Amino acid sequence: MRFIEKRYVVSNNEENSSGIETPKQLITVVLCAFVFPITIIVLLAQYATGGISPDKSDSSLSKEVVAKRIKPVGSLVLTNLSPQAGSVKTKKTGPAKSMVPSAVVSGGPSKVQTIYSASCSACHASGAAGAPKLGDKQAWALRIKSGSEVLYNSAIKGKKAMPAKGGNVSLSNEDVKAVVDYMVSKAE
(Lines give C-alpha, C1' and ligand atoms only; values in the text may rest on other atoms or scores of the structure.)
Protein backbone atom coordinates (compact mmCIF):
# COMPACT_ATOMS: atom_id res chain seq x y z
CA MET A 1 0.00 0.00 0.00
CA ARG A 2 1.09 3.27 -0.82
CA PHE A 3 0.27 6.43 0.92
CA ILE A 4 -0.35 9.31 -1.25
CA GLU A 5 0.47 12.56 0.25
CA LYS A 6 -1.35 15.59 -0.87
CA ARG A 7 -0.29 19.02 -0.03
CA TYR A 8 -2.43 22.01 -0.37
CA VAL A 9 -0.79 25.23 -0.97
CA VAL A 10 -2.63 28.19 0.40
CA SER A 11 -1.83 31.49 -0.97
CA ASN A 12 -0.96 34.30 1.36
CA ASN A 13 -4.00 36.36 0.28
CA GLU A 14 -6.60 33.76 1.21
CA GLU A 15 -5.17 33.12 4.67
CA ASN A 16 -5.61 36.65 5.95
CA SER A 17 -8.96 37.30 4.35
CA SER A 18 -11.76 38.43 6.76
CA GLY A 19 -14.73 38.23 4.46
CA ILE A 20 -15.15 42.01 4.34
CA GLU A 21 -13.85 43.19 1.06
CA THR A 22 -15.76 46.40 0.38
CA PRO A 23 -16.56 49.51 2.42
CA LYS A 24 -20.27 48.69 2.03
CA GLN A 25 -19.74 45.35 3.79
CA LEU A 26 -17.78 47.09 6.56
CA ILE A 27 -20.59 49.57 7.23
CA THR A 28 -23.15 46.74 7.29
CA VAL A 29 -21.13 44.74 9.82
CA VAL A 30 -20.56 47.75 12.09
CA LEU A 31 -24.27 48.66 12.08
CA CYS A 32 -25.26 45.08 12.82
CA ALA A 33 -22.75 45.00 15.69
CA PHE A 34 -24.64 47.88 17.35
CA VAL A 35 -28.23 47.23 16.33
CA PHE A 36 -28.39 43.50 17.05
CA PRO A 37 -27.34 43.64 20.78
CA ILE A 38 -29.56 46.67 21.43
CA THR A 39 -32.53 44.89 19.87
CA ILE A 40 -31.90 41.82 22.02
CA ILE A 41 -31.70 43.97 25.20
CA VAL A 42 -34.96 45.78 24.40
CA LEU A 43 -36.76 42.52 23.69
CA LEU A 44 -35.49 40.97 26.94
CA ALA A 45 -36.58 44.06 28.89
CA GLN A 46 -40.08 43.89 27.42
CA TYR A 47 -40.28 40.19 28.18
CA ALA A 48 -39.16 40.76 31.80
CA THR A 49 -41.63 43.60 32.43
CA GLY A 50 -44.54 41.99 30.66
CA GLY A 51 -44.52 44.60 27.95
CA ILE A 52 -45.58 47.42 30.31
CA SER A 53 -44.31 50.79 29.27
CA PRO A 54 -44.74 53.86 31.48
CA ASP A 55 -47.18 55.74 29.27
CA LYS A 56 -48.64 58.95 30.75
CA SER A 57 -52.04 58.30 29.20
CA ASP A 58 -52.30 54.87 30.86
CA SER A 59 -54.65 55.34 33.84
CA SER A 60 -53.75 51.99 35.44
CA LEU A 61 -50.36 53.40 36.42
CA SER A 62 -51.56 56.65 37.98
CA LYS A 63 -50.49 57.27 41.57
CA GLU A 64 -54.02 57.02 42.91
CA VAL A 65 -54.73 53.71 41.21
CA VAL A 66 -51.41 52.23 42.32
CA ALA A 67 -51.95 53.44 45.91
CA LYS A 68 -55.43 51.89 45.94
CA ARG A 69 -54.07 48.63 44.55
CA ILE A 70 -51.33 48.26 47.20
CA LYS A 71 -53.32 49.59 50.17
CA PRO A 72 -53.46 47.27 53.21
CA VAL A 73 -56.44 44.95 53.51
CA GLY A 74 -57.32 46.10 57.03
CA SER A 75 -56.46 48.87 59.42
CA LEU A 76 -55.92 49.16 63.14
CA VAL A 77 -58.27 51.50 64.99
CA LEU A 78 -57.45 52.38 68.58
CA THR A 79 -60.23 53.79 70.71
CA ASN A 80 -60.46 54.73 74.34
CA LEU A 81 -63.08 52.51 75.92
CA SER A 82 -63.08 54.45 79.20
CA PRO A 83 -66.39 55.88 80.40
CA GLN A 84 -65.29 59.53 80.08
CA ALA A 85 -63.68 59.15 76.65
CA GLY A 86 -66.24 61.27 74.79
CA SER A 87 -66.43 61.02 71.05
CA VAL A 88 -63.44 60.32 68.87
CA LYS A 89 -62.87 62.04 65.53
CA THR A 90 -61.58 60.06 62.60
CA LYS A 91 -59.95 61.47 59.48
CA LYS A 92 -62.34 60.05 56.90
CA THR A 93 -65.71 59.82 58.60
CA GLY A 94 -65.77 62.80 60.98
CA PRO A 95 -67.00 62.30 64.52
CA ALA A 96 -67.27 58.68 65.55
CA LYS A 97 -70.01 57.30 67.76
CA SER A 98 -69.33 57.92 71.42
CA MET A 99 -68.01 54.91 73.30
CA VAL A 100 -69.28 56.27 76.65
CA PRO A 101 -72.38 54.58 78.05
CA SER A 102 -75.40 56.89 78.14
CA ALA A 103 -75.80 56.54 81.92
CA VAL A 104 -72.34 58.04 82.47
CA VAL A 105 -72.94 60.92 80.06
CA SER A 106 -76.30 61.80 81.55
CA GLY A 107 -75.13 61.33 85.15
CA GLY A 108 -77.90 58.87 85.90
CA PRO A 109 -78.17 56.77 89.05
CA SER A 110 -76.03 53.95 87.68
CA LYS A 111 -73.10 56.25 86.84
CA VAL A 112 -70.90 54.94 89.66
CA GLN A 113 -71.64 51.30 88.83
CA THR A 114 -70.92 51.96 85.16
CA ILE A 115 -67.57 53.55 86.00
CA TYR A 116 -66.76 50.65 88.32
CA SER A 117 -67.64 48.13 85.59
CA ALA A 118 -65.59 49.91 82.96
CA SER A 119 -62.49 50.91 84.94
CA CYS A 120 -62.27 49.00 88.21
CA SER A 121 -63.95 45.62 87.89
CA ALA A 122 -61.14 44.08 85.82
CA CYS A 123 -58.97 43.90 88.94
CA HIS A 124 -61.38 44.34 91.87
CA ALA A 125 -63.78 41.62 90.69
CA SER A 126 -61.02 39.00 90.39
CA GLY A 127 -58.46 40.24 92.91
CA ALA A 128 -55.79 40.59 90.23
CA ALA A 129 -52.40 41.97 91.36
CA GLY A 130 -53.51 42.00 95.01
CA ALA A 131 -56.53 44.26 94.48
CA PRO A 132 -59.16 43.77 97.19
CA LYS A 133 -62.26 42.14 95.77
CA LEU A 134 -65.54 44.02 95.80
CA GLY A 135 -67.49 42.95 98.91
CA ASP A 136 -64.52 41.21 100.61
CA LYS A 137 -64.88 42.62 104.15
CA GLN A 138 -61.61 41.18 105.43
CA ALA A 139 -59.52 42.60 102.56
CA TRP A 140 -61.13 46.04 102.87
CA ALA A 141 -61.05 46.25 106.72
CA LEU A 142 -57.49 47.66 107.05
CA ARG A 143 -57.98 49.97 104.11
CA ILE A 144 -61.21 51.36 105.57
CA LYS A 145 -59.49 51.94 108.96
CA SER A 146 -56.80 54.05 107.24
CA GLY A 147 -59.47 56.59 106.36
CA SER A 148 -61.31 57.72 103.30
CA GLU A 149 -58.74 60.39 102.33
CA VAL A 150 -55.98 57.73 102.12
CA LEU A 151 -58.25 55.56 99.97
CA TYR A 152 -59.10 58.52 97.75
CA ASN A 153 -55.42 59.44 97.28
CA SER A 154 -54.50 55.83 96.48
CA ALA A 155 -57.26 55.63 93.90
CA ILE A 156 -56.52 59.03 92.34
CA LYS A 157 -52.69 58.79 92.28
CA GLY A 158 -52.35 55.02 92.00
CA LYS A 159 -50.73 52.52 94.32
CA LYS A 160 -48.46 49.55 93.56
CA ALA A 161 -49.94 47.77 90.52
CA MET A 162 -53.02 50.03 90.34
CA PRO A 163 -52.58 52.91 87.90
CA ALA A 164 -53.82 56.42 88.66
CA LYS A 165 -57.62 56.64 88.53
CA GLY A 166 -57.79 52.92 87.78
CA GLY A 167 -56.18 53.48 84.38
CA ASN A 168 -58.89 55.92 83.26
CA VAL A 169 -57.19 59.30 83.56
CA SER A 170 -60.19 61.04 82.02
CA LEU A 171 -62.23 60.47 85.20
CA SER A 172 -62.71 63.44 87.49
CA ASN A 173 -61.49 63.19 91.08
CA GLU A 174 -65.11 63.35 92.24
CA ASP A 175 -66.01 60.33 90.08
CA VAL A 176 -63.06 58.37 91.50
CA LYS A 177 -64.11 59.27 95.06
CA ALA A 178 -67.68 58.19 94.32
CA VAL A 179 -66.46 54.82 93.03
CA VAL A 180 -64.24 54.37 96.12
CA ASP A 181 -67.25 55.12 98.34
CA TYR A 182 -69.29 52.59 96.34
CA MET A 183 -66.67 49.85 96.81
CA VAL A 184 -66.30 50.66 100.55
CA SER A 185 -70.09 50.49 100.98
CA LYS A 186 -70.09 46.98 99.49
CA ALA A 187 -67.42 45.88 102.03
CA GLU A 188 -69.07 47.26 105.19
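Q: At 17% relative accessibility, does Lys165 count as buried or exposed?
A: This is a predicted model, in which local features need pLDDT of at least 70, side-chain atom pairs count only at pLDDT 80 or more, and totals for chains, interfaces and linings use all residues. Residues are numbered from 1 along each chain as its sequence is written, and side-chain values use heavy atoms, with hydrogens and water left out. The relative accessibility of Lys165 is 17%, and the cut-offs (buried under 20% relative accessible area, exposed over 50%, partly exposed in between, with a 1.4 Å probe and protein chains only) therefore make Lys165 buried.

Q: Which backbone angle of Lys165 is positive although the residue is not a glycine?
A: Lys165 belongs to the loop between helix 7 and helix 8, helices being DSSP runs of H or I with at least four residues and strands runs of E with at least two, numbered from the N terminus. Most residues other than glycine have a negative phi. Lys165 is not a glycine, yet an angle of about 55° is found for its phi.

Q: Where is Ala129, a residue with a positive phi of about 55°, found in the chain?
A: Ala129, like Lys165, is not a glycine and has a positive phi of about 55°. Ala129 is exposed, because its relative accessible area is 69%, whereas Lys165 counts as buried. As for its place, Ala129 is found in the loop between helix 5 and helix 6.

Q: How many helices and strands does the secondary structure of the chain come to?
A: When the chain is read along its sequence, the pattern is α-α-α-β-β-α-α-α-α-α. In that pattern the β elements stand for strands and the α elements for helices, and the totals come to two strands and eight helices.

Q: What percentage of the 188 residues in the chain is buried?
A: The chain has 188 residues, and Lys165 is one of those that count as buried. Taken over the chain, the share made up by buried residues is 16%.

Q: Which residue forms a salt bridge with Lys111?
A: A search of the whole structure finds one salt bridge, the term standing for a side-chain nitrogen of Lys or Arg within 4 Å of a carboxyl oxygen of Asp or Glu. The pair has its closest N and O atoms 3.1 Å apart, and the partner of Lys111 in it is Asp175.

Q: What distance in space separates Gln113 and Tyr182, C-alpha to C-alpha?
A: Gln113 is a residue of helix 5, and it counts as partly exposed because its relative accessibility is 38%. Along the sequence Gln113 and Tyr182 are 69 residues apart, while in space their C-alpha to C-alpha distance is 8.0 Å.

Q: What separation is found between the C-alpha atoms of Ala122 and Gly166?
A: Ala122 is also found in helix 5, and it counts as exposed because its relative accessibility is 61%. Ala122 and Gly166 are 44 residues apart along the chain, and their C-alpha atoms are separated by 9.7 Å.

Q: How far apart are the C-alpha atoms of His124 and Gly135?
A: His124 is another residue of helix 5, but, in contrast to the exposed Ala122, His124 counts as buried because its relative accessibility is 9%. His124 and Gly135 are 11 residues apart along the chain, and the separation of their C-alpha atoms is 9.4 Å.

Q: What is the relative accessible area of Ile27?
A: Ile27 has its place in helix 2, which takes in residues 23-49. Ile27 is exposed because the cut-off of over 50% is passed by its relative accessible area, which is 52%.
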